[in-house]
Amino acid sequence: MNASSDTNTTTATTPATTPVTVIGLGLMGSALAAALLDAGHPTTVWNRSPEKAKPLADRGAQVAATPADALAASDLVLACVLDHDALHAVLGPLAAAGGLAGKSLVNLTTGAPEQAEEMARWAASHGADYLDGGIMTTPPGVGSPEMMFLYSGSEAVFAAHRDTLAALGDPLHLGTEPGLASLYDAALLGLMWAAFTGWLHGTALVTSRGTSAADFTRVALRWLNGAVSGFVSTYAPQVDAGRYPGDDATVDVQIAAIGHLIHAAEARGVDNALPELLKATMERAAAAGHGGDSYASVIEVLRGDR
């Protein structure tokens, strides 16, 4: 048999066997490494506290004694540490010695968009290709194709390693600006907290009369997944166009409606800080001339004088 066709002698690396190094083994870093191992990737790990590597070593991970050994093990390096200062502390000395040259660095450390942009410039100055990432799940969700992992920066790195990154969750490349993933991450978290708090306020209101949270939530999810998602899809083009036709419900109508929520909550002893804030924001939009416009016009108040 010709050696080039002998599967026992080929040395080609496929996406399923791409070696990966994971720097940082907190709850999230450990989950990342575990998902890569589950997908069959040779995985090298390093953590400042080596005892955190033992569960992964038991699952087949190679534990690097030093950050230099960890970098040397793989061309694809995933970093997930406490913050960007910690990342520089680990990688800085290695980069100065040329250890990052030729590497693809995927940074999954939480940070600000400006930090991602600075990190991309720093990586490029040391010969590394850079991809910034935002993890849109908690550690138990890592590895599920239902969970999004957002990336921005080098399109070449994303294309080359997309299949490997898919072991962590559904990979979405947002664009070549390194700070985009971090910006989306912050915006989506803001959406999540607002939605959570709105749901909890509503739950506090209806459970004051003996309704269970589970019963209310079944109705709330149908509302969110149907009508509310439809509103958002309708309003997005209005925001892009800067025109807000009030042909469904105007800001003035919403101000009147939220008054009923505030009254009902007050009568039942439920804190009204959130709806009062929302009403005040709507009233600012109305004062700015948007009373007859759709609710999407509130963004003009939120944007300020940018």
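**Close-up 1. Strand β7 and its burial.** Strand β7 spans residues 148-153 in this predicted model. Five of its six residues are buried (under 20% relative accessible area; exposed is over 50%, partly exposed in between; 1.4 Å probe, protein chains only). Strands here are DSSP runs of E with at least two residues, and helices are runs of H or I with at least four, numbered from the N terminus. Residues are numbered from 1 along each chain as its sequence is written, and side-chain values use heavy atoms, with hydrogens and water left out. As the model is predicted, local features need pLDDT of at least 70 and side-chain atom pairs count only at pLDDT 80 or more, while totals for chains, interfaces and linings use all residues.

**Close-up 2. The strand partners of β7.** β6 and β7 run antiparallel, joined by five bridges. Two strands pair if DSSP finds at least two bridges between them. D132 has S152 of β7 as its bridge partner. With strand β8 (residues 170-173), β7 pairs in the parallel sense over four bridges. There, L150 has L172 of β8 as its bridge partner.

**Close-up 3. The largest pocket.** This pocket holds about 2300 Å³ of space. Its lining has 40 residues, with L224, V228, V232, L278 and Y295 the closest to its centre. A pocket is an open set of points on a 1 Å grid over the protein atoms alone, where a 1.4 Å probe fits, with protein on both sides within 12 Å along at least five of seven lines; lining residues have an atom within 4 Å of a point. Grid points are joined across faces, edges and corners, and a volume is the space filled by probe spheres set on the points. α8 (213-241) is among the elements that supply at least two lining residues. Its share is the largest, 13 residues. The lining divides into 31 nonpolar, eight polar and one charged residue. Nonpolar covers Ala, Val, Leu, Ile, Met, Phe, Trp, Tyr, Cys and Pro; charged covers Asp, Glu, Lys and Arg; the others, Gly among them, are polar.

**Close-up 4. The second largest pocket.** The volume here is about 960 Å³. Of 40 lining residues, M28, L108, T110, I135 and T137 are the closest to the centre. α1 (27-38), α4 (84-96), β6 (129-135) and α7 each give two or more residues. α7 gives the most, with six. By class, the lining has 21 nonpolar, 14 polar and five charged residues.
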